[in-house]
Amino acid sequence: MKATPNNLKENYGILFKKAREVKPNIIISDFENYSSILSKLINVPLISLDNINIITQTFIDYPPHHRQDMLKAKSIIRSYIMRPKRYIITSYFFPKIKKSR
């Protein structure tokens, strides 16, 4: 993680070049931002396959005194995975899913 800011340009350059060669029809992300940004750069749909989006895509009860923590978590998650076409959420519990867009 410490080296990430120093090699972002290089890493995105490599991914962008590889994506132009491969010409993917879809990109699947397991909660990592490279694929999220790449999908926007090359205009390819993104699918989010993870468990963390259970926080943003479902109704979860939490104590009112944790409201600020939940808002922070949601904003970080949304900034990492930017508007995927679909969510596939893995989970061991089944909260009510929010209405899809």
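**A parallel sheet and its helices**

Three strands, in the order β1-β2-β3, form an open sheet with parallel pairing. Strands pair if DSSP finds at least two bridges between them. The edge strands are β1 (27-29) and β3 (86-89), and each pairs on one side only. From one strand to the next, the twist averages 20°. This is a predicted model: local features need pLDDT of at least 70, side-chain atom pairs count only at pLDDT 80 or more, and totals for chains, interfaces and linings use all residues. Residues are numbered from 1 along each chain as its sequence is written, and side-chain values use heavy atoms, with hydrogens and water left out.

Look at β1 and β2 (residues 46-50). They run parallel, joined by 3 bridges. Ser29 has Ser48 of β2 as its bridge partner. Helix α2 packs on the sheet and touches β1 and β2. Its direction makes about 155° with that of β1 (axes are lines fitted to C-alpha atoms, for helices over the stretch in contact; angles run from 0 to 180 degrees between N-to-C directions).

Ser35 sits in α2 (residues 33-41). Is Ser35 buried or exposed? At 7% relative accessibility, it counts as buried (under 20% relative accessible area; exposed is over 50%, partly exposed in between, with a 1.4 Å probe and protein chains only). Leaving aside neighbours within four places in sequence, Ser35 is in contact (heavy atoms within 4.5 Å) with Ile27, Ile28, Ser29 and Leu46.

Now turn to helix α4 (residues 67-80). Met70, Lys74 and Ile77 of α4 are buried. Seen down the axis, the buried residues of α4 fall within an arc of 65°, so they line one face of the helix (the arc is that of the directions from the helix axis to the C-beta atoms). They pack against α3 (54-57). On the other side of α4, Gln68 and Ile76 are exposed.

Technical notes. Helices (H or I, at least four residues) and strands (E, at least two) are DSSP runs, numbered from the N terminus.
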